[in-house]
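Here are a few worked exercises on strands and how they pair. Have the viewer open and work along.

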Amino acid sequence: MNGNDDRVVPVLLICAQAVVWPGAELVRGTVPPASALLVAALVAGLVTAALALRRARPVTTLVLVAAACALGAGPLPTGAMAVLGTAGVALALFTVAAERDTFTAVLCVVALAAWQLLQGLSLHGLSDRDGLDLVLTAVLYAAACGAGLLVRHRSRARQAAEQLSKRAEAERHRLPAVERRRMERELHDVSAHHLTAVVVTVGAALGLRDRRPELAAEALQFAAETGREVTRALGAVRAPAPSQEEQPSPEERLLDLIAGFRRLDQRVDCEIDPLPDGAVADAAYGIVREALTNVARHAPGAHTRVRCRYGDTRTDILVTSAAPPAGSAAHGAGLGSGRGQGFLRSRAREAGGTLTSGPTAEGGWEVRAVLPGRSAAPVVRSVPRSYRLAQVTAAAGLVLQPLLPALVIRAGTTSSGPQVSAGVLFALLAAAQALALLWLRRAPRAAQGVLFALAPLWPVAMTTGEYTGPVVLPPALSMLATCAALAAEAARTAAGTAAGPSPAEDRRHLPVPAGPVVAVVAHAAAAAAAVLNRGTTLPVWAVAAGATAGATLAVGAAWWGGALRGRRERAARGTREERFAVWTEEAVRDAWAERRRIATGLETTVLARTADVVAEAEAGRLEATAERAREALAAMRALLDAVREAETTPELRPQPTLHALDLLAHQLRATGRGVEIRLTDRVPERLPTAVDLAAYHAAETVLTAGGTEPAVLELDAADDTLTLTATGVPGTARPAVRERLQARVAALGGTLTTAPPGPVRLRLPFAPDGTAGEVAEGTGGGPTHGGGPATAGAPVPERADQGDGERER
């Protein structure tokens, strides 16, 4: 909602209140006194102004609206504050629940209900035996608070999804650059340690050939062995093992950073949790580095503690330094640019978090950052206990305020008979229903059973308490809680989060379990009993039919509304997951293109010249060996220069194969999900092209199907069959994912086994001679393995039948 909506809703409430009073009085020809109109105008103006600012100050707005309506209800006639006192207070309470935390919302509901009860006691005593208005008010407040909490929960879920999408989008552009830097670093290491050593050794042997001829044989042997080692090392550069960690982890980077400051005589203690590579890890590294740099500049020698805690919903970064030692000189105090604090906050904000900094009570300095965790949920600042205590104290003071006039002005007593009023019984039943709703998410079946069992007790309470109000109202109140529970169950089932419907049930969109049927029977019987106990001239069958029709309409509407909301949530989640899968695929394909582009340069230049070095050394030609080694080193340096060029050739974009699983795992870890890929030694290096492509795309489908649980993907081969076993992937239980996997394995004559919540297992057969067999003849040729050490050919251009068509099968 925008700012205009915040002003429109209060105006509509005032218009509705004006229609109720004094509009109804004016229509009947009665003109209210001027004093009453003045009081009503003042109260309406205060309520309107407060509600217009309800999003900025929701709790203050609630207090002002409730107090204004309570003060105006005294001198004004009945109904003059009916709309503002109910809808206005409910709107303010809804805003508190939607904008503030759950503790604050529940505290406001309890305090408001208790305050209104005590105010009624102070004004009217206990003479009113009905009390149904109090139950209605409590139900209204609970509904407003529940709706606000639901809106806040959905808003946070939407923000978490957007945060995950932003993280995936950032990593989509980041992964190719990371892969390019990795290969650049490793190529530099190979050229610096291997090829340079060959050039130096052979050159020295050539210079001492006349005086020490024995060095020539040693140099030639060294050149041949080093050339073979270069070939093996470059093969690992082109296609690292998926389970191998090629780069230092964020934890190792932080520990190395802290070790560097310790070498500068800084006393630093640390507690570092493992972090996944990505935006959060980069932000954490930058924040810790800047904070330690500031300590070294302004408080050299101060004892510093660094703590990094990585959790499900948040990542806490805390850097606390003590006061600088006496006599220490801050030599670097004037070296900063003055933008360090702004840099820290911007790093935290870019990662989706918050940062605060300031002095400590001991004279030191503290930097505290809260970043997203594994689930990418919005960062929520922790509330100190002192603030909670202040909230409870203020609420208690407001609640006890209505008792002061009763204690000071009058101390009269009211007598009550031994009979319990209907209002007390209704309040107890409503409290039991509220307690059942609180357990709905944790134990849905038990909560529904309690609600069904409470339905017949409302007619009993009406009879016992001698209720004389509208006969349909208590059964309707009972049905509200049941409808809320059924709507939540329908939404959970339709969204696919309930205990797994079968594929046939899913194709029918939504099964109708026994819950709605039992609810209709229970509430229809309760309503019919209430009407018959009151007495009616209608026949029994007419009362039963009417009660059944009303219960069916109410339960059906609740079930249909919940199912519609669940389907929308499932569609929205599917859209987000599809976008996430597309971005992951694009990131891996771009990084794979970078790897293949560099691998092509290795195959056509460096590896060829390295093979010439080995050949010349084995032939005993020292001068030719030196020349070939210099050419290989020059080719490596030229390739390093070419690596920095980000442009890729469109025809060098082959389909990723199993050797791209390390890129896929890296991309998924960067978005906050723990992913581990294991390859056994029995997986052959050369697989048929169709099997290699199908295995990678099946792994990609499984791992990008949604979910936040840590996932493990294991690949094994036995009896000419490649087996992929995935655990921690509940998203594969959805029919759409199963159909994609089934189509992919069926094209190769494989099998798919799913047993939610157990592992997912795919078996892909391949011929023992390395060919794809009859089922793969139509998939095209090309390299049998995408860039592995055994592959020497150029990469295959992306084909139409291996591109979008392969993904759609």
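**Exercise 1.** How many bridges join strand β3 to strand β5, and which way do the two strands run?

*Solution.* Some ground rules come with this predicted model: local features need pLDDT of at least 70, side-chain atom pairs count only at pLDDT 80 or more, and totals for chains, interfaces and linings use all residues. Residues are numbered from 1 along each chain as its sequence is written, and side-chain values use heavy atoms, with hydrogens and water left out.

Strands (E, at least two residues) and helices (H or I, at least four) are DSSP runs numbered from the N terminus, and two strands pair if DSSP finds at least two bridges between them. Now look at β3 (residues 314–321) and β5 (residues 365–372): eight bridges join them, and they run antiparallel. As a spot check, aspartate 316 sits opposite valine 370 in β5.

**Exercise 2.** What is the strand order of the open sheet of five strands?

*Solution.* Reading across, you get β1-β2-β3-β5-β4, with mixed pairing. β1 (268–272) and β4 (354–359) are the edge strands, each pairing on one side only.

**Exercise 3.** Which strands does β8 pair with, and why is β8 largely enclosed?

*Solution.* Start with β7 (residues 711–718): seven bridges tie this strand to β8, antiparallel. Alanine 718 has threonine 721 in β8 as its bridge partner. Next, six bridges link β8 to β10 (residues 760–765), again antiparallel, with alanine 726 opposite valine 760. Finally, β8 (residues 721–727) is largely enclosed by the rest of the structure because six of its seven residues are buried (under 20% relative accessible area, 1.4 Å probe, protein chains only).

Conventions:
Buried means under 20% relative accessible area, exposed over 50%, partly exposed in between (1.4 Å probe, protein chains only).
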